[in-house]
Amino acid sequence: MTPSNPHDFHRPTYHFLPAANWMNDPNGVIQWRGRYHLFFQYNPDGAYHANMHWGHAVSDDLAHWEEMPIAIAPTPNSPDQAGIWSGCMVDDDGIPTAIYTGVNDDYSRQVQCLAFGNEDLSRWTKHSGNPVLSEIPAHCFQARDFRDPFVWRADDQWYMTLSGHINGVGGAALLYRSEDLRDWQYLHPLFVGDRVRHGYNFECVNFFPLGQRWVMIISSMFDGGGAAVLALVGRYENHRFFPESETVYDAGYGYAPLTIVDDQGRRLIWAWLREGRSVDQQMAAGWSGVQAIPRALSLDSRQRLVSHPVPEIKTLRGAHHHFSASDVHEGALPISGLALDIEAEFDASLAETCGIELARSPDGGEQVAITYDAGTEALRVTRQYGGEAGEIEGEAQGLAHRLDAGETLQLRILLDGSVIEAVANGRARVTSRFYPSEATSQGLRVISPEAVVSLDVWEMASIG
Ligand code: DQQ
């Protein structure tokens, strides 16, 4: 394990990531005996995607996380010999039970497996009958992409959706039912997407009731190589999902979200924030991948999906800087930092573009801008590097965001090293990665100060 470099200002300090190596999807999140347990795709060999294990971290408050020893590792000559891929966890009448996808060496065989945890979820025993499910339904006409079990309880039975696709049609979420988590009966597709709109393949589908509707969150893979997280809201009838509306859940670096209900009844969502730089750069840093700050999901009165970082994160807030409209007329703010929590309110009718620049170099040649454009009704992230960005991703990001009549723009921005999580009015989300070339690029500047209603910035404590 490569120790992390204390001078690495790209490394987040209040988001969870393991001490070193590669992490991707959140897996098996559960609140168990009062503690939140987060498992995650983890490669103990280095900061690259291979040899997946389930890493493990624990939190009492959703803000501080303690990394624990690896929870589940591949077993040679078994159905999971080449990797413990993504999955979920349920409480099976007192037995913590992980349901995950096991893979073979070239990932051509993807099968569903179980493992049972001890009382503090530190030791895991694999089910002797693994795999519990291995055959892709014949009508899918394909031999792989059969993974990421997401399980829920209803009508005294277990239901599971698996992610994949139907050849020549598009991404699909398949629906299964079981009495005991071991024998699974295939029912039918829960939802089949449109290849152009929803992608050629689904990963990590989550499906759950929220308010008066059901929500399906899909990590979609598109022809041409793109990927995105989509959120569909609709009705669940006769064990089939009928979407009524759809949005991009995250127009950025978040992928493979996993949701759970906690003991406060909140539907919480975690997500992997991937890197935006080359594999060589990731390996040189010794770490790759960050977990987004968990958010609580709800639907508003118009059945739109709303998400806010969990309030517990406010316990990490330190020095507070409040600015009113008259304080920010110069634009540049007399503060700096790369570990900040920002709440900004703008009257978007007063400017063509309003927003804030972060990680700004003293001469302004380097910065990342989070802006709202009233004319095009879009939330954007624009990254400008001081020198050649080289192999660092820097394209513009954005998504449509329409304010309701009379509504102000309410931006919540979490900046943490190279991580940016931006949420507008709870319902438009862009995550980004920005790797300043100099440690001195830490300034803030308001764009269109005349539109500011109020601005609050907190310096965030490290959880390391
Ligand atoms: N990552 C896992 C898969 C999943 C993908 C493998 C999504 O189970 O489909 O690391 O990022």
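## Ligand shell

Of the 13 residues around the ligand, those that come nearest are Asp25, Gln41, His49, Arg147 and Asp148; a residue is near a molecule or strand if one of its heavy atoms lies within 4 Å of it. The model is a predicted one, in which local features need pLDDT of at least 70, side-chain atom pairs count only at pLDDT 80 or more, and totals for chains, interfaces and linings use all residues. Residues are numbered from 1 along each chain as its sequence is written, and side-chain values use heavy atoms, with hydrogens and water left out.

By class, the shell holds 5 nonpolar, 4 polar and 4 charged residues. Here Ala, Val, Leu, Ile, Met, Phe, Trp, Tyr, Cys and Pro count as nonpolar, Asp, Glu, Lys and Arg as charged, and the others, Gly among them, as polar. At least two residues of the shell come from each of strand E1 (21-32), strand E5 (84-92), strand E9 (146-154) and strand E17 (254-261). Helices (H or I, at least four residues) and strands (E, at least two) are DSSP runs, numbered from the N terminus.

## Polar contacts and ligand cover

A polar contact is a pair of N or O atoms within 3.5 Å; within protein, one must be able to donate a hydrogen and the other to accept it, and residues adjacent in sequence count only if both atoms are side-chain atoms. Asp25 places a polar side-chain atom 2.8 Å from a nitrogen atom of the ligand. In the side chain of Gln41, an N or O atom is 2.6 Å from an oxygen atom of the ligand. Ser86 takes part through its backbone, where an N or O atom lies 3.1 Å from a ligand oxygen atom.

On its own the ligand has 310 Å² of accessible area, and the protein covers 94% of that. Accessible areas come from the Shrake-Rupley method with a 1.4 Å probe; for residues, only the protein chains shown count as cover.

## Cysteines

The disulfide count is 0, where a disulfide is a pair of cysteine sulfur atoms within 2.5 Å. For Cys204, the closest cysteine sulfur is that of Cys88, at 11 Å, which is too far for a bond.

Cys204 is buried at a relative accessible area of 9%, and Cys354 is buried at 1%. Buried means under 20% relative accessible area, exposed over 50%, and partly exposed in between (1.4 Å probe, protein chains only).

## Aromatic pairs

The model has 22 aromatic pairs. Rings of Phe, Tyr and Trp (its six-membered ring) pair if their centres lie within 6.5 Å; planes under 30 degrees apart count as stacked, over 60 as edge-to-face and the rest as tilted. One of these pairs is Phe40 with Tyr42, edge-to-face at 5.8 Å centre to centre and 85° between the planes. Phe40 is buried, with a relative accessible area of 0%, and Tyr42 is buried at 3%.

Phe207 and Phe241 also pair edge-to-face, with 5.2 Å between centres and 70° between planes. Phe207 belongs to strand E13 (residues 201-210) and Phe241 to strand E16 (residues 240-250), so this pair ties together parts that are 34 residues apart in sequence. Both Phe207 and Phe241 are buried. Ring pairs also link these two into a cluster with Phe150, Trp152, Tyr159, Phe191, Phe202, Trp214 and Tyr236.

## Loop and backbone details

Ala47 sits in the loop between strand E2 (35-43) and strand E3 (53-59) and is buried at 5% relative accessibility. The C-alpha atoms of Ala47 and Ala20 are 7.4 Å apart in space, while the two residues are 27 apart in sequence. The peptide bond joining Asn130 and Pro131 is cis, with omega about -5°. Pro131 is in the loop between strand E8 (124-126) and E9.

Arg33 is not a glycine, yet has a positive phi of about 50°. Arg33 lies in the loop between E1 and E2 and is exposed at 62% relative accessibility. Phe141, also not a glycine, has a positive phi of about 50°; Phe141 is in the loop between E8 and E9 and is exposed at 55%.

## Segment before E1

His7 lies in the segment before E1 and is exposed, with 66% relative accessibility. His7 and Trp32 are 25 residues apart along the chain, and their C-alpha atoms are separated by 36 Å.
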